[in-house]
Structure formats: structure tokens, C-alpha cells
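These are my notebook entries on a structure that I am reading for the first time. I set down what I looked up, in the order in which I looked.

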Amino acid sequence: MSLRFVLFLAGAGVLLPMVAMSDDLTRDAAVGRALASNPTLQAARAAIGAAEQQAKLEGMRPPLTVGAELENFAGTGSLSGLDSAETTVRLGRTFELGGKREARLAVGGARVAQQKHDAALARLDLEAATKRRFNAVLAKQARVDMTTRQLALVREIREAVAYRVRRGASPDADLPLADLGVVRAEIDLEGAEHELSSARVALSVLWGAETTAFTRATGSIADIPELPSFDALRQRVPQGADQRRFELEAQLLEAQLKSAETTAKADVAGTLGVRRLEAFDDEALVLSFSMPIGLSDRSELARSRVRAEQSGLNERRKAAELERYSSLFSSYEELKHAQHEYEALKERMVPAAERALALAQRGYDDARYSFLQVAQARGVLHSLQNERIAAATRYHDLLTDIERTTATFGVSAP
């Protein structure tokens, strides 16, 4: 029995997707599940509700106050007991001047907008994390498929070698080497299956499930999208979702500045009450007003603090934009390298290893090479196939990271 045909199959079809099953999971479906029920995202939505309620609380008008006083009682002489007591019941309220309530509402609205933006960023982060974990499942599936075929092949090879040894066409030492190849392939398959199980659980927990509810992730890790234009990506950085956070912070500081300006105008606190004079058996109204003084210094200090924060905001935004550009450039260079590595493996290295294996097998059939040389050639091919899967995975992950870095709300990634 010749080994040429079965050994040739070792390099074929490693990354081809298997037939889809009825309960397969697509990338979009995985993202949809995560966005619908991820606990972290649910917590972010709850935080928006809390911020809205806090804004309403801070925007409420000052409450009414009720007070009572009892004077001139339990004294001596004519003031003993309650005969000369004066009892006053008051109803008071603080009247805000200078638009303080409107300013507080503006500050609360700005904070709600920030919380909504943070929730949107959490959504983008979750989408990226789901895609990366989906990529991991695809990669692990490809490795399981490859090692499954590898195990089937080495078992066939082992039978072919055993047949040649029995006929005396190969030395007895070839059989133990073939047995070692089977054991190694069995270990590789077991490891690949464990890694796939872990990757499936890591993906499922993103939508709150502890067990996987899908049979297989659809698609192939070998499907490499086209390399996007760096110039198009670069133009998206200043308008990116992360940079939007600085615009919202600027709006909050502007609202805080206006709120600080309103504090320069004093509020008026007034009370209206009824006083009962027991000594005269009469009643009378009591009206009082009060207002603080010396608020201008406090207001100016508050405004100075906000202006100082405003002066540093633009510089922090510029620094963040430069840092994101640096990260984008680095990721893009790595993306190009991953593409180059994958194409080199696919078009040059793996085919060369397949040819080397075929030549080694031809020499083995002609009794010019030992089976050890065939096993070494097969090992090189297997290693390169693993590298091809790894290069494809890196490409997908880097592209996901770049899409997250350049994400703009309401605009699809290029």
C-alpha cells in the first residue's frame, strides 16, 4: 500500500468550513445575543436610569420648611407657666434667583449625556470582545478539524507502514515511529478539543450563559477580509466615539461654569407665620426675610476652578488623539504583517511543505529515504498549518481592534 495519496491529503482542506448545522451560530447572532443580555451592558443601562433620577433630584426646587417656636414660658413671676407664652408657627421657603435651578438642570443633563455615552462605549467594547471570542472559536474549530484529519491520516499511515514491515519492505524501526505519530496526533486532538470547549464557554458567558447553546460557529477563519485604507481609518480618529467623550466633558464644564456664575446672586429665604400671644389672648402674623452676603468671592473661586479644567481639556483631547493615532498606526502595521504572513504561508510555505512531503514519500517508496524523514516532513507541514490558522486569527483580531479604535456612532466601519 502506497502512502503518497494519504500523505498528500495532510495538506489539503485544513481551513475549509464544515457543513453548517441547524443550530450553528453566526457572528452577527453572537453579537446580538451579547448586546441583548450581557450583564455589564445591563448595568450600564441601569446607570443611565440612576443618572436621570439624580438629575431630576438636583433640579427640584428648594422644599418648603415648617417651623415652630415657643417663647416666654416656664419663667419666674408673671412669666411662669404658659400664661405669657408666645407660640409661633412658620412656613418658609427659599426663593432661588439668577437661574440656579435651570443651571442645575443643565449640569444634570450633561451628566446624563455622559452616562449614555459611556453605555454606548460599553456597547462598542462588548461588540469587539464578542467578535474576538467568536474568532477564537473559529480558530479552535479549524484546529480541531485539522487535527481530526491528521489523526485519521496518521492511523492510515500506521497501517500502511505495518503492512510494509510485515512484507519486509521497511525496517522494523519504522513501525514504532508510526505509532508515535498516532499518539502525538491523539494528544493534539484532545488538546484542541479542550481549547475549543473553553473558547465556546468564553463566548457564551458574554450573554450570561454558563453552557453553550450552539453546535458550531459558522464561517471560516481563513476568510480574510480586504485590507482597509489607512487614510480612511486615520480620518475617523478625531470624530471617533472615544473622542466624543471630550466634547461631552466640555459641555459639562460649560454647564458647571454657568452654574457657578448663578451663585453670585444671593437667594432670598422668607417665612410667614402666625404668633399666638397668651398674655393678650391675641394672634398676629409674622413675616421674615433673609439672604446671605459676600457670595461673589465664592462664585469667582468656583468659576476659576472650572476655567482651569477647561484650559486643560483641549490639551488632554489632543494627547488622546495622538495616542489613538499611534495605536492605530501600530495595529495597522501589525495587520499588514499578519496579512503578509498568512499569504506567504498559504501560497508559498504550505505548498512547499506539501511538495517536500511528497518527495520524501516518493523516496520512502523507492527505499531511498527512511520513514523518519517522512515523519519529519509531515511534522513541518503540520506546524505550518497551525501557523496559518494563527496568522488568520491575528488578522481578524487586529481588524476588530482597529474597527473599535475608529468606531464612530452611526457610521459603519470601513
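Is Asp-401 buried, partly exposed or exposed? I kept in mind that I am reading a predicted model, and I looked up the relative accessible area of Asp-401, which is 28%. Buried would need a value under 20% and exposed one over 50%, so Asp-401 counts as partly exposed.

Entry on the partner of Asp-401. I found that the side chain of Asp-401 meets that of Arg-132 in a salt bridge, with 2.6 Å from N to O. Arg-132 belongs to helix α4 (residues 100-167) and Asp-401 to helix α9, so this pair ties together parts of the chain that are 269 residues apart in sequence. I also checked Arg-132, which is partly exposed at a relative accessible area of 32%.

Entry on a second pair. I next turned to Arg-158, which forms a salt bridge with Asp-179, and the closest N and O atoms of the two are 2.7 Å apart. Here Arg-158 sits in helix α4 while Asp-179 sits in helix α5 (residues 174-204), so the pair links parts that are 21 residues apart in sequence. I noted that Arg-158 is partly exposed, with 23% relative accessibility, and that Asp-179 is likewise partly exposed, with 30%.

Entry on a third pair. I then looked up Arg-316 and saw that a salt bridge joins this residue to Glu-249, with the closest N and O atoms 2.5 Å apart. Because Arg-316 lies in helix α8 and Glu-249 in helix α7 (residues 241-262), the two tie together parts that are 67 residues apart in sequence. Arg-316 has a relative accessible area of 40% and is therefore partly exposed. I also wrote down a network in which salt bridges with shared partners join Asp-125, Asp-242, Arg-324 and Arg-404. For the whole model, I recorded a count of 29 salt bridges.

Entry on two helices. How do the axes of α8 and α9 cross? I read that α8 covers residues 296-365 and α9 residues 371-405, and that their axes come within 8 Å and cross at roughly 160°. An angle over 145 degrees counts as roughly antiparallel, and α8 and α9 therefore run roughly antiparallel to each other. The crossing in which α8 passes α9 is left-handed.

Entry on a residue of α8. I picked out Leu-335, which is found in helix α8, and I noted that this leucine counts as buried because its relative accessibility is 0%. I also looked up Pro-228, which is 107 residues away from Leu-335 along the chain, and found the C-alpha atoms of the two separated by 9.9 Å.

Entry on the surface. Which residues form the nonpolar patch? I listed Leu-272, Val-274, Leu-285, Leu-287 and Phe-289, which together have about 550 Å² of accessible area. Strands β3 (268-277) and β4 (282-290) each supply at least two residues of this patch, and β4 gives the most, with three.

Key
Residues are numbered from 1 along each chain as its sequence is written. This is a predicted model: local features need pLDDT of at least 70, side-chain atom pairs count only at pLDDT 80 or more; totals for chains, interfaces and linings use all residues. Side-chain values use heavy atoms; hydrogens and water are left out. Patches are made of residues with over 30% relative accessible area and no salt bridge: like charges are joined within 9 Å, nonpolar side chains (Val, Leu, Ile, Met, Phe, Trp, Tyr) within 5 Å. Accessible areas come from the Shrake-Rupley method with a 1.4 Å probe; for residues, only the protein chains shown count as cover. A salt bridge is a side-chain nitrogen of Lys or Arg within 4 Å of a carboxyl oxygen of Asp or Glu. Helices (H or I, at least four residues) and strands (E, at least two) are DSSP runs, numbered from the N terminus. Axes are lines fitted to C-alpha atoms, for helices over the stretch in contact, and angles run from 0 to 180 degrees between N-to-C directions. Angles under 35 degrees count as roughly parallel, over 145 as roughly antiparallel, 65 to 115 as roughly perpendicular and the rest as oblique. A crossing is left-handed if the near helix is turned anticlockwise from the far one by less than a right angle, and right-handed if clockwise. Buried means under 20% relative accessible area, exposed over 50%, partly exposed in between (1.4 Å probe, protein chains only).
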